[in-house]
Amino acid sequence: MGILVPNVFADTYIIKISNYAASGGNFEPNVLEILKGDMIKWQNLDQHTVHTVTSTSGEFDSGELRQSTASNPCSTCTAIFSHTFEELGTYNYKCKIHGWMNGVVK
């Protein structure tokens with residue numbers, strides 16, 4: 001019988017989606033190397049546009065990430081998506097809405 005113990009040494013990293021990223025921007029950083037058990041939080045800072053964080057192999061999908069703003073209030077909106085990487089590997093991801101926005105987690 002095994003006991004699951006959380007990785008107390010795991011780190012959390014932030015990847016930002018900057019304002020106006022839909023105008024040719026990208027994830028910042030768009031390549032990130034982490035350790036097994038680390039978590040990444042993607043944060044949509046773009047107050048003007050909806051984005052997604054979608055694994056190209058189907059392992060994770062944020063759904064729509066949008067900011068609630070004074071001009072566009074939304075009580076159910078979320079601008080942050082988190083994923084913990086439990087397996088070693090290379091994970092390619094993109095924004096489904098803006099095809100030029102892509103990133104890699106190694």
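Tutor: This is a predicted model. Start with the sheet. Strands of a sheet pair through backbone hydrogen bonds, either parallel or antiparallel.

Student: What is the order of the four strands in the open sheet?

Tutor: The order is β2-β1-β4-β6, and the pairing is mixed. Two strands sit at the edges: β2 (27-28) and β6 (80-84). Each of them pairs on one side only.

Student: How many bridges do β4 and β6 pair over, and in which sense?

Tutor: β4 and β6 pair over five bridges, in the antiparallel sense. To see one partner, find M39. Its bridge partner in β6 is T84.

Student: Which strands does β7 join by bridges?

Tutor: Take β5 to begin with. Two bridges join β5 to β7, and these strands run antiparallel. There, T54 stands opposite K94 of β7. Then take β8 (residues 102-105). Four bridges join β7 to β8, again antiparallel. Y91 has V105 in β8 as its bridge partner.

Student: How should I read the faces of a strand?

Tutor: In a regular strand the side chains alternate between the two faces of the sheet. Now apply that idea to β7.

Student: Which residues of β7 are on the covered face, and which on the uncovered one?

Tutor: Y91 and Y93 make up the covered face of β7. N92 and K94 make up the uncovered one.

Student: Next, aromatic rings. How do I describe a pair?

Tutor: A pair of aromatic rings is described by the distance of the centres and the angle of the planes. A search of the whole structure finds eight aromatic pairs. Take W42 and Y93. Their ring centres are 5.3 Å apart and their planes stand at 75 degrees, so the pair is edge-to-face, the class for angles over 60.

Student: Why does the pair of W42 and Y93 tie together parts that are apart in sequence?

Tutor: W42 lies in β4 and Y93 in β7 (residues 91-94), so the pair links parts that are 51 residues apart in sequence.

Student: Are W42 and Y93 buried or exposed?

Tutor: Both are buried. They also belong to one aromatic cluster, together with F27, F60, F81, F85 and Y91.

Student: What does W42 contact beyond its neighbours in sequence?

Tutor: Leave aside residues within four places in sequence. The contacts of W42 then include I15, F27, V53, F60 and V105.

Student: How many residues are in the largest nonpolar core, and which have the most contacts inside it?

Tutor: The core has 18 residues. F27, W42 and V53 have the most contacts inside it. The elements giving two or more residues to this core are β1 (12-17), β4 and β7.

Student: Now a loop. Where does H51 lie?

Tutor: H51 lies in the loop between β4 (39-44) and β5 (54-55).

Student: Why does H51 count as buried?

Tutor: Its relative accessibility is 0%, so H51 counts as buried; the cut-off is under 20%. Its side chain makes a polar contact with the side chain of H98, at 3.2 Å. Beyond four places in sequence, H51 also contacts other residues, including I17, N44, E64 and M101.

Student: One last residue. Where is L32 found?

Tutor: L32 is in strand β3 (residues 31-32). It is buried, with a relative accessible area of 13%. Not counting residues up to four places away in sequence, L32 touches Y13, I15, I40, V104, V105 and K106.

Definitions and conventions. Residues are numbered from 1 along each chain as its sequence is written. This is a predicted model: local features need pLDDT of at least 70, side-chain atom pairs count only at pLDDT 80 or more; totals for chains, interfaces and linings use all residues. Side-chain values use heavy atoms; hydrogens and water are left out. Buried means under 20% relative accessible area, exposed over 50%, partly exposed in between (1.4 Å probe, protein chains only). A polar contact is a pair of N or O atoms within 3.5 Å; within protein, one must be able to donate a hydrogen and the other to accept it, and residues adjacent in sequence count only if both atoms are side-chain atoms. Contact means heavy atoms within 4.5 Å. Two strands pair if DSSP finds at least two bridges between them. Rings of Phe, Tyr and Trp (its six-membered ring) pair if their centres lie within 6.5 Å; planes under 30 degrees apart count as stacked, over 60 as edge-to-face and the rest as tilted. A nonpolar core is a set of buried Ala, Val, Leu, Ile, Met, Phe, Trp, Tyr and Cys residues joined through side-chain atoms within 4.5 Å.
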